[in-house]
Amino acid sequence: MRRVAMLFFAGLVCCRGAAPQNPQQRDIAHLVDSLRPAVERAVGLTFKGPIHSAMKSREEMRGFLLDKLHQEFPADRQEGVEAVYRLLGLIPDSLNLQKLLLDLYTEQVAGYYDPPTHTLYGVRGAEPTQFLLVVAHELVHALQHQYLPLDSIMKRQADGDQQTAAQAVLEGQAMLASILVFAPNPDLIRQPQFWAMAREQVRSSASSMPEFSKAPQVLREEMIFPYLSGAEWIRWWDSARAGHPLPSVAEMPRSTEQILHPDRYAAGDQPVLVRFDDADASLYEDTLGEQEIAVLATVLRGGGEVVANAGLGWGGDRFRTYRTPAGAALVWYIVWDDEGSASRFMSITGTRLLAAQRAGYRTTVTRVANAARPTVQVVIAPVGWSRWSRLP
């Protein structure tokens with residue numbers, strides 16, 4: 001499992017106790033065995049079997065992650081994601097998304113749990129405090145894997161928002177448990193001021209990670225969300241489902257809306273299934289979800305902190321990107337819970353999308369007539385696109 005944001009918490013937790021000895025002077029298998037009891041106590045589950053572990057050089061780890069990135073991010077998906085992010089103004093046209101993601105994933109990397117091989121890898125030369133925290137964090141993923149099919153849960157599916165929600169559960173639990181392994185006071189994570197301090201630590205520490213600090217906001221938020229928002233969801237889950245530490249596959253949240261607003265999850269508020277009514281060949285299609293729409297609104301207003309606790313009234317969405325001779329085209333449908341939510345999107349985010357017209361492109365933000373629920377259609381495409389008269 002990938003690690004970026006949780007490294008910020010080494011200073012919040014590990015450095016409060018005694019300075020750790022260099023764990024890489026010991027065998028990683030011995031370190032894993034020594035941390036197992038504390039991880040089991042922190043999670044509330046016991047390991048069912050042994051944990052495989054190995055060390056890699058930083059160069060070997062970069063090659064390993066590059067292979068994983070190629071598997072998870074094939075050429076068509078890369079082109080499609082770049083297209084929707086560029087057309088919405090979330091990334092610059094010149095950005096190579098795959099290269100930046102690799103740089104982000106490998107920056108300060110100290111370890112990685114690989115579900116397909118059931119192996120926890122450590123990186124030689126990693127900073128000792130980070131290494132200890134990461135090994136504990138990855139051990140949580142190894143423990144989760146003995147109760148859930150992590151490889152299939154995290155395998156690329158047709159709904160990126162649902163996948164992000166599942167990742168938030170897994171990373172959030174690993175975040176909380178790895179903090180509890182080292183925290184001098186277990187009540188620390190229950191204190192609201194701890195999470196306020198944690199969020200501030202994330203912001204203030206960005207300058208120490210060059211690749212992260214220069215990445216577009218959408219990517220920074222995408223990498224932090226599973227850890228911070230996932231940890232807060234797990235705190236809610238622990239209070240609501242005492243004695244049941246890990247959701248089953250059937251109990252996994254199905255949207256980032258459910259992660260951001262656990263009351264929606266508790267109420268059984270499921271996302272609306274949105275599908276296009278034709279099978280026309282497109283470049284790529286997926287779901288953005290509430291979290292990315294909140295980031296979009298933030299970017300369009302000029303940046304700043306993403307405010308997601310108020311709720312957008314998101315019901316479901318689906319987008320498609322197309323290749324055209326004049327450049328990529330985007331068709332996006334968003335279903336809203338009520339008229340007020342749809343109107344707010346159109347008057348604020350929609351207005352800003354219209355104001356950010358690209359040269360040679362046409363942008364429309366319109367209501368869909370006779371829809372069962374309030375629905376907005378967003379189209380950003382070259383002016384001469386042949387499908388303007390027959391949008392899907």
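The structure is a predicted model, in which local features need pLDDT of at least 70 and side-chain atom pairs count only at pLDDT 80 or more, while totals for chains, interfaces and linings use all residues. Residues are numbered from 1 along each chain as its sequence is written, and side-chain values use heavy atoms, with hydrogens and water left out.

The overall dimensions come next. A compact globule of 392 residues would have a radius of gyration near 21 Å, and the chain, at 22 Å, agrees with this; the radius is taken over C-alpha atoms, and the globule rule is 2.2 Å times the number of residues to the power 0.38. Along the principal axes, the C-alpha atoms fill a box of roughly 65 × 45 × 35 Å. The accessible surface of the chain is about 16,500 Å², and carbon and sulfur atoms contribute 51% of it; such areas come from the Shrake-Rupley method with a 1.4 Å probe, and for residues only the protein chains shown count as cover. Of the contacts (heavy atoms within 4.5 Å) between residues at least 6 apart in sequence, 73% join residues at least 24 apart.

The chain holds 14 helices and 8 strands, defined as DSSP runs numbered from the N terminus (helices: H or I, at least four residues; strands: E, at least two). Three of the strands form an open sheet with the order S1-S3-S2 and mixed pairing, where pairing requires that DSSP finds at least two bridges between two strands. Strand S1 (52-56) and strand S2 (111-114) are the edge strands, each pairing on one side only. From one strand to the next, the twist averages 20 degrees. Strand S3 (residues 119-123) pairs with S1 in the parallel sense over 5 bridges, and Ser-53 has Leu-120 in S3 as its bridge partner.

Two helices accompany this sheet. Helix H2 (residues 58-72) packs on the sheet and touches S1, S2 and S3, its direction making about 40 degrees with that of S2. Helix H5 (residues 128-145) lies across S1, S2 and S3 and runs at about 10 degrees to S2. Angles run from 0 to 180 degrees between N-to-C directions, with axes fitted as lines to C-alpha atoms, for helices over the stretch in contact.

Asp-103 lies in helix H4 (residues 97-106) and counts as buried because its relative accessible area is 12%. Neighbours within four places in sequence aside, Asp-103 is in contact with Arg-62 and Glu-211.

Methods:
Buried means under 20% relative accessible area, exposed over 50%, partly exposed in between (1.4 Å probe, protein chains only).
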